[in-house]
Amino acid sequence: MRTPLVSICCIAYNHAQFIRKCLDGFLLQQTDFPIEILIHDDCSTDGTTEIIREYEAKYPDLIFPLYEEENQYQQGKSAEIDFYNYRRARGKYIAYCEGDDYWTDPLKLQKQVDFMEANPEYSVCWHRSKQFFVENGEYIEDKCTAVLKGKDGVDIDLNTYFSQWYTQPLTMVFRREVLDESWRKQYKLYRDEHELYHLLKKGKGYLFAFEGGVY
C-alpha cells in the first residue's frame, strides 16, 4: 500500500443522520494521490458505529476506524479527541471533517493539495461552505463574500481570522508537520479556534472561493 499524501481525519459521535453523507463525501474525492480515511467513533449509541463498520467492510484498504468502548468526551478528554486520529495519520497533509458535516466538491482535496504543494509558506487552507439547519431544513451562505471580494482566493492571517469567522473546520487542510500536541495542553478547553490560531502562527493561510461542503 502506498503511503497516503492526505489523511482525512473524522470524529463521530451519534451522527447516524449524517455519517453516510460524510463518508460518501470522502469517497467522492478524485485525486491523483493516495489518501487514507481515519475515523474516531466515540462510542456512539444511535447506529453510527454500525454504519461506519459497513463502510469499513467495503473499503478495508481505505477506511481505518477507531472504535471506543467508553465515551472519551464524557471522561473529560474532549481536548484529546482530534489527536486520536492525528497520532495515527501518515499523510503529509491532514484534511478535517466531523461526522455530521460533509463535502460536496469531488475535486476539493485535489485543489487544496495542489495549492499547498506549490506554496510551502502556507500551513493551512480552507474553502467556502454552506450551513444547514436541521430544524427547518434551510441552507444559508457563509460570510466569505466580503473578504473574497470576487477573487478566486485570499490570504487569511491572524488579524483577518479574528475579525470574522470566515472558515469552518470541515474545509480545512493543513500540514501535519506543523502540528504540535503541546498546543492543546495550553488550554483548559482546546477547540478548533485554538488549533487554527497556532496553525496561522506557523505559516500563512489561504481561503479559496470555491464552495466544497456543508456544515
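Trainee: Is Lys149 buried or exposed?
Mentor: Lys149 counts as exposed, at 68% relative accessibility. Buried means under 20% relative accessible area, exposed over 50%, and partly exposed lies in between, using a 1.4 Å probe and protein chains only. Do remember that this is a predicted model, where local features need pLDDT of at least 70 and side-chain atom pairs count only at pLDDT 80 or more, while totals for chains, interfaces and linings use all residues. Residues are numbered from 1 along each chain as its sequence is written, and side-chain values use heavy atoms, with hydrogens and water left out.

Trainee: Where is Lys149, then?
Mentor: Look in the loop between α5 (145-148) and β8. Helices (H or I, at least four residues) and strands (E, at least two) are DSSP runs, numbered from the N terminus. Lys149 also has a positive phi of about 50 degrees, although it is not a glycine.

Trainee: What about the phi of Asn14?
Mentor: The phi of Asn14 is near 50 degrees, again a positive value in a residue other than glycine. You'll find Asn14 in the loop between β1 and α1, and at 28% relative accessibility it counts as partly exposed.

Trainee: Nice. Changing topic, where does Glu121 sit?
Mentor: Glu121 is in the loop between α4 and β6. With a relative accessible area of 39%, Glu121 is partly exposed.

Trainee: And what does Glu121 touch?
Mentor: Leaving out residues up to four places away in sequence, Glu121 touches Gly203 and Lys204. Contact here means heavy atoms within 4.5 Å. For a sense of scale, the C-alpha atoms of Glu121 and Gln186 are 25 Å apart in space, and the two residues are 65 apart in sequence.

Trainee: OK, on to the inside. How many residues are in the largest nonpolar core?
Mentor: There are 32 residues in that core, and Val6, Ile8, Phe26, Trp103 and Leu109 have the most contacts inside it. At least two core residues come from each of β1 (6-12), α1 (19-27), β2 (35-41), α2 (48-58), β4 (93-96), α4 (108-118), β6 (122-133) and β10 (204-214). Another core, of 28 residues, lies apart from that one, and among its members are Val154, Ile156, Tyr161 and Leu207. A nonpolar core is a set of buried Ala, Val, Leu, Ile, Met, Phe, Trp, Tyr and Cys residues joined through side-chain atoms within 4.5 Å.

Trainee: Which residues does Ile8 touch?
Mentor: Not counting residues up to four places away in sequence, Ile8 touches Phe26, Ile35, Glu36, Ile37, Leu38, Ala95, Trp103 and Leu109.

Trainee: Phe26 again! Which residues of α1 are buried?
Mentor: Those are Ile19, Cys22, Leu23, Gly25 and Phe26. Seen down the axis of α1, the buried residues fall within an arc of 155 degrees, so they line one face of the helix. The arc is that of the directions from the helix axis to the C-beta atoms. The cover over these buried residues includes β1, β2, α2 and β5 (102-103).

Trainee: Last one: which residues are buried in α7?
Mentor: In α7 (residues 192-202), the buried ones are Glu195, Leu196, His198, Leu199 and Leu200. What covers them includes α3 (81-86), β6, β8 (153-156), α6 (158-163), β9 (173-175) and β10.
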